[in-house]
Amino acid sequence: MSETPEQFGFTDADLATHPTVYAEGSLAGQVVLVSGGAGGIGRATAWLFARMGAHAVISGRSEGKVADVVKAITAKGLKASGHTVDVREPEGVAAFFDTVWAEHGRLDILVNSAGGQFPQAAIDFSVKGWNAVINTNLNGTWFMMQAAARKWRDAGRPGSIVNVVVVTTHGLYGVAHTIAARSGVIGLSKSVAVEWAPLGIRVNCVAPGAIETDGWKVYTPEARAAYPRSNPMMRAGDAWDIAEACVYLGGPTGKFVTGELLTVDGGGQLWGETWTTGKPDYFKT
Ligand SMILES: CCCCCCCCC/C=C/C(=O)SCCNC(=O)CCNC(=O)[C@H](O)C(C)(C)COP(=O)(O)OP(=O)(O)OC[C@H]1O[C@@H](n2cnc3c(N)ncnc32)[C@H](O)[C@@H]1OP(=O)(O)O
Ligand SMILES: NC(=O)C1=CN([C@@H]2O[C@H](COP(=O)(O)OP(=O)(O)OC[C@H]3O[C@@H](n4cnc5c(N)ncnc54)[C@H](OP(=O)(O)O)[C@@H]3O)[C@@H](O)[C@H]2O)C=CC1
């Protein structure tokens, strides 16, 4: 893993060879869609699925970032393709699923890793800022989930959804908007896990703790420096930890798991605290 001011977490070269417990080629013939697939967690997840033999459909807002990942994966002889889709646009999302089904005739797994937020004291949130985070993380994830489920229902085929959220069981201070949005996604996932069971659709969530990715750039160096000490393992996790969790829940290993939330945070929900905006003097002893 490398860390420079420009790059946090894994490079594509790392992801091409990082060891995994999963069998390479074991998902041959399957199609997996990873939103945010050019970001840190989504990219690792797309690489892992591709190495397992699936075709990874990668989406994101930045055409260049998506194209770079697709190029790196396909250069290794693995299957991947890319699309530019803003998850906040329901018509664009629906059209995207039409395209995926037209191109592949199937979709097996959807991983929603598109998301993000900015650190700010909640009392200072603007309406626009609040809406940006809710639209991206709650509405966007929902548009993707619903579009996927409609296609599976219409095709009479089973499917599996994994939503990447955040740990909401205790405060993650300075990002209250995202806690609100992700709590919504977790509740929504549990509800539709039951509603969509008759359709053969499983729905699960993965809650990462501090995972070193480029997403960390939005936080100050001081806030970032504290993340590795926010859990009893006293270190950050990596995107591969989350990728393997997504594969476990999304793939055949998770075939009897639905409506579940898998927390991958080094025990951070039991010990430790995360201040994304710096710890106020009030709480320092
Ligand atoms: C417990 C376990 C331990 C866990 C320990 C975990 C520690 C880390 C916690 C989580 C880490 C991660 O998730 S890291 C990985 C996620 N990646 C990111 O978060 C990347 C950055 N975030 C984003 O890009 C977000 O998706 C988001 C901000 C919503 C993007 O939305 P948009 O594209 O619409 O963005 P913009 O147009 O730039 O901004 C829209 C408005 O949002 C507001 N806004 C945006 N940035 C702002 C900022 N820095 N400060 C104030 N306000 C801001 C403004 O009102 C903007 O409008 P104007 O005023 O008109 O400009
Ligand atoms: N890293 C961490 O410590 C943690 C991360 N998470 C969550 O995990 C998920 C993945 O994070 P991570 O990989 O670290 O972050 P990144 O910022 O590296 O990746 C997030 C990706 O989401 C995409 N994205 C954001 N908004 C939209 C949108 N409206 N439409 C489509 N794509 C969008 C971005 O693509 P583009 O740049 O092209 O817009 C980006 O590539 C996020 O939801 C994040 O909040 C949760 C807890 C901790």
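**An enclosed helix and its surroundings**

Twelve of the twelve residues of helix α2 are buried, so α2 is largely enclosed by the rest of the structure; a residue is called buried if 20 or more other C-beta atoms, placed from the backbone, lie within 10 Å of its own, exposed if 12 or fewer do, and partly exposed in between. The model is a predicted one, in which local features need pLDDT of at least 70 and side-chain atom pairs count only at pLDDT 80 or more, whereas totals for chains, interfaces and linings use all residues. Residues are numbered from 1 along each chain as its sequence is written, while chains are lettered from A and ligands numbered from 1 in the order in which they are written.

Helices (H or I, at least four residues) and strands (E, at least two) are DSSP runs numbered from the N terminus. At 1.5 Å a residue, α2 should span 16 Å, and its end C-alpha atoms are 17 Å apart, which agrees; the expected span is 1.5 Å times one less than the number of residues. Just after α2, Gly53 takes a positive phi of about 100°.

Ile41 lies in α2, which covers residues 40–51, and counts as buried because it has 28 C-beta neighbours inside 10 Å. Leaving aside residues up to four places away in sequence, Ile41 touches Ser113, Val164, Pro208, Ile211, Thr213, Ala239 and Ile242, where contact requires C-beta atoms, placed from the backbone, within 7 Å. The C-alpha atoms of Ile41 and Glu212, 171 residues apart along the chain, are separated by 9.0 Å.

Turning to the sheet, seven strands form an open arrangement in the order β5-β4-β3-β6-β7-β9-β10, with parallel pairing; two strands pair if DSSP finds at least two bridges between them. Because β5 (80–84) and β10 (261–264) stand at the edges, each with a single partner strand, one side of each is left without a neighbour in the sheet. Strand β3 (residues 31–35) pairs with β6 (residues 109–112) in the parallel sense over four bridges, and the bridge partner of Ser35 in β6 is Asn112.

Ligand 1 is surrounded by 25 residues, the closest being Gly116, Phe118, Gly129, Val167 and Gly215; such a residue has its C-beta atom, placed from the backbone, within 6 Å of the molecule. Helix α5 (residues 127–155) gives the most to this shell, with five residues.

Note on methods. Two residues are in contact if their C-beta atoms, placed from the backbone, lie within 7 Å.
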